[in-house]
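Please have the sequence and the model open as you read.

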Amino acid sequence: MTGLGELAPRALARLGDHDFAASDGVTHRLADLTQRAARLASGLRGLGVRPGDRVGVVMTNSVDVVLAYLAIWHAGAAAMPVVPAVTPAELAHVLRDSEATVVLATAASIALVRAAATGLDVAVVVADETPGPDEHLLADLVETAALGLVPRAATDLAALLYTGGTTGRAKGVMLSHGNLLAMAAARQRVVEQAGTTGVLLPLPISHVFGLINVVSRLFASRPGTMHLMGRFTAQAFVEQVERDRIEASAVVPSMLQLLLELDLERHDLRSLSYVTSGGAPLAPSTRAEFERRVPTARVCDGYGCTEVTSTATMNPPDARRDGTVGLPLEGVQLRVVDAEGAVLGVGVDGEVCVRSPGVMLGYWQDEPATRATVVDGWLRTGDIGHLDADGYLSVVDRTKDLIIRGGFNVYPRDVEDALLAHPAVSAAAVVGRPDPVLGEEVVAFVELSGPVSADELVAFAATRLAKTKRPREVRVVDRVPLTSIGKTDRKAARLLLEQIAPAASR
């Protein structure tokens, strides 16, 4: 197999027709999705889409998103998923930079797409809304005669995902058919060790973490249904687990934190046995508390980034090692290096580098950035971590988020984990404030689920952290800033810090 367009037909031949995907109370069978994808591919061709073209997918979670991906790959084009939380200016940059031919939207995102596409030569398709002038209805495109599968090579572009917008103009990460096929298959082999079938996906499948989960399902060895949540809320999540007897889910840590704010014991969650966590570091206290309150569930975290096709390591369900993000997936090699590129020994912190079939083709139209990031086949992640003697990886933090206080390195995640261990803290973001004497001072923003004062939290952190690491300022906020997929947004926290006067140091 060389192209993603072959995945659905092969899964159908291997597993037979079955309930493959569900959203908004409607279940879709694999045979129907496969047939509709072939017809939608023909409809896209009618709009001018040719092999290799980029097709934007700015859609909230639904089976229509899965249909869009299958159709785009069937037509030999490249999917360009964009989380609908971006601004019109950000989306306009993506559409212009990628030279997208077509962009698909839903009712929830069509206003955003219209604003961004103004003045651009891009066809607009809407899935569940009356199309405007010169726009197209997705259902009409599906009525065209089926297009034969366009074969693609393993090195051909399959997906273009824009990332890094928090530090400037977003860069397009080019993922090939081979990238996605290899890493989805490797991920599914680990997931299947848990013995689960149906899965609940609250993640936006327009993000690489959600995307890899969708592709992985087409490598399943047993039939199962993928339930897609249009919008995550903790209450809706537990209600769906209870109603549909969900066995597995994939989440980001902030979702687990929100779930812990509910009275989980009032719900029958005994069917839930396996939860994979990714996209951001998972605090040990969060995992321990979730497993205590949902005793049937085992939470296993992993590690990766868009540039390595989402996932590089996972904690195996039967061999999880707490405090780590697991072992390399099949075909993945890891090494930890110092600032000069020398390989470091066991237990020594340095930059995590990855070599695998998932390493991106490169950044779209940015060869200098590609050369700086991928060196001799090794992708420099910008993350700090270390390997233990058995090959398990521990990730400490991002290089760019490192706080240097009085010459000592302070990793924000260490401080965040210490604060999250307090029962009244539901979320935390730690950043550095410039300090004329120490260089930087440690400041924490916290979101509370119970009564506690800032002074009490400073004292609590002091019992768990070295003096050089503990926060001197704790700021209580209504909501700790998060990115569109639920990661702690430290850039937003730093901007918030600039707007307030410093508190007295402690």
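What follows covers a helix pair and then a sheet with its helix.

## About the model

This is a predicted model, where local features need pLDDT of at least 70, side-chain atom pairs count only at pLDDT 80 or more, and totals for chains, interfaces and linings use all residues. Residues are numbered from 1 along each chain as its sequence is written, and side-chain values use heavy atoms, leaving out hydrogens and water.

## Helices α2 and α3

Helices here are DSSP runs of H or I with at least four residues, and strands are runs of E with at least two, numbered from the N terminus. Helix α2 (residues 30-46) packs against helix α3 (residues 63-74) at about 60°, and their axes lie 8 Å apart. Axes are lines fitted to C-alpha atoms, for helices over the stretch in contact, with angles from 0 to 180 degrees between N-to-C directions.

On the α2 side, the contact (heavy atoms within 4.5 Å) includes L33, R36 and L40, while α3 contributes residues including D64, L67 and H74. Twelve of the residues in this contact are nonpolar (Ala, Val, Leu, Ile, Met, Phe, Trp, Tyr, Cys and Pro), two are charged (Asp, Glu, Lys and Arg) and one is polar (the others, Gly among them).

Now to the strands. An open sheet of mixed pairing has three strands in the order β25-β26-β27; two strands pair if DSSP finds at least two bridges between them. Both β25 (425-435) and β27 (473-476) are edge strands with a single partner each, so one side of each has no neighbour in the sheet. Neighbouring strands are turned by 25° against each other on average, direction ignored.

β25 and β26 (residues 439-448) run antiparallel, joined by ten bridges, and V425 stands opposite L448 in β26. Helix α13 (residues 412-420) packs on this sheet and touches β25 and β26, its direction making about 140° with that of β25.
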